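This briefing is meant for a reader who is meeting the structure for the first time.

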Amino acid sequence: MKLALIPKIKHATSNNFFLLAGPCAIEGEEMALHIAEKIVTITDKLGIPYIFKGSFKKANRSRIDSFTGIGDEKALKILKKVSETFNVPTVTDIHDVSDASMAAEYVDVLQIPAFLVRQTDLVVAAAETGKVVNLKKGQFMSPESMKYAVTKVTDCKNNQILITDRGTMFGYQDMIVDFRGIPTMKQFAPVVLDVTHSLQQPNQSAGVTGGRPEMISTIARAGIATGADGIFIETHFDPAHAKSDGANMLNLNLLEKLLTDLVAIRKTINQL
């Protein structure tokens, strides 16, 4: 897949990594525009190709009383407004076959959640929209097995594919990144490292996922050093009060320093 084929993508020839970043969930228009404006300013300064990320709904919550969204169409319209306001592409995750065609009307990249990446009907529905499909590697899958998820998309005559690694289950309540998976999966499609979800601590007794955001810089640096094509980061200006995944999100104020460091590492890697 060629990065330049993603609509509205900027800095595609910068020889930099690309970035998928934004809040876990769309909580409202003002918050989405605030976060997008900050990230666009940083990525334009550093020459990083950027795709705004935001879930229009959260269908895979641990508890029934957890936040799931502000309404599908309302959130999707906010994603479209972000794209039009800042002239950037957008990505959102889908959970049901019927979500594919609906979300495709508003965003440029459809993301298949890790828990659902083996759901053939869902992957095919995303592929058939003709949009870029971001396949998140299941926490329970080997890097080698992602070849078959990619094949489901290419068999639909869609070659616009990304693979995102978000860590592998390590016991009941932890995740670990096996960096050997990055070069393995790059044989199939460009590979993104989902830094923040790799630091989740799922299945907590309170029914709310924990996380280790203090390790974000460590994991992100290692991802760039081992050849990741892109980085995925969920970020919020007030993670402690975010309505979803606040425990592992990066504070927006820390993003510029992190990305500056990653650009420096990528530049060094490019010279080797």
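Helices (H or I, at least four residues) and strands (E, at least two) are DSSP runs, numbered from the N terminus. The model is a predicted one, in which local features need pLDDT of at least 70 and side-chain atom pairs count only at pLDDT 80 or more, while totals for chains, interfaces and linings use all residues. Residues are numbered from 1 along each chain as its sequence is written, and side-chain values use heavy atoms, with hydrogens and water left out.

**Helix H2 and its surroundings**

- Helix H2 covers residues 72–86, and its 15 residues reach 22 Å from the first C-alpha to the last, close to the 21 Å expected at 1.5 Å a residue; the expected span is 1.5 Å times one less than the number of residues.
- Ala75, Leu76, Ile78, Leu79, Val82, Ser83 and Phe86 are buried in H2, where buried means under 20% relative accessible area, exposed over 50%, and partly exposed in between (1.4 Å probe, protein chains only).
- Seen down the axis of H2, these buried residues fall within an arc of 155°, so they line one face of the helix; the arc is that of the directions from the helix axis to the C-beta atoms.
- The exposed residues Lys74 and Glu84 are carried on the face of H2 that is turned away from its buried side.
- The cover over the buried residues of H2 includes helix H1 (29–46), strand S2 (50–53), strand S3 (90–93) and helix H3 (97–104), with contact meaning heavy atoms within 4.5 Å.
- After H2 comes Asn87, and the phi of Asn87 is positive, near 55°.

**Helix H3**

- Asp99, Ala100, Ala103 and Ala104 are the buried residues of H3.
- Viewed down the axis of H3, its buried residues fall within an arc of 115°, so they line one face of the helix.
- The buried residues of H3 pack against H2, S3, S4 and H4.

**Helix H8**

- Helix H8 covers residues 255–271, and its 17 residues reach 25 Å from the first C-alpha to the last, close to the 24 Å expected at 1.5 Å a residue.
- The buried residues in H8 are Leu255, Leu258, Leu259, Asp261, Leu262, Val263 and Arg266.
- Among the elements that cover the buried residues of H8 are S1, H1, helix H7 (216–225), S12 and strand S13 (250–251).

**The cavity and two residues of its lining**

- On a 1 Å grid over the protein atoms alone, a cavity is a set of points where a 1.4 Å probe fits but cannot get out, and lining residues have an atom within 4 Å of a point.
- The count comes to 1 cavity of 30 Å³ or more, and about 40 Å³ of space lies in the largest cavity; grid points are joined across faces, edges and corners, and a volume is the space filled by probe spheres set on the points.
- Lys8, Ile9, Lys10, His11, Val40, Thr43, Asp44, Ile48, Tyr50 and Val88 line the largest cavity, and H1 gives the most to this lining, with 3 residues.
- Lys8 lies in the segment before strand S1 (18–22), has a positive phi near 70° although it is a residue other than glycine, and is partly exposed, with a relative accessible area of 34%.
- His11 is also found in the segment before S1, has a positive phi near 65°, again in a residue other than glycine, and is partly exposed, with a relative accessible area of 28%.

**Three further residues**

- Gln119 lies in the loop between strand S4 (109–112) and helix H4 (120–127), and at 45% relative accessibility Gln119 counts as partly exposed.
- The C-alpha atoms of Gln119 and Ala149 are separated by 9.1 Å, although these residues are 30 residues apart along the chain.
- His236 is found in strand S12 (residues 230–236), where, at 2% relative accessibility, His236 counts as buried.
- Not counting residues up to four places away in sequence, His236 touches Glu27, Met31, Ile35, Ala242, Met249, Leu250, Asn251 and Leu252.
- Thr184 lies in helix H6 (residues 181–185) and is buried, with a relative accessible area of 17%.
- Leaving aside neighbours within four places in sequence, Thr184 is in contact with Pro143 and Glu144.

Conventions
1 Å grid on protein atoms, 1.4 Å probe; cavity = no way out; pocket = protein on both sides within 12 Å on 5 of 7 lines; lining within 4 Å.
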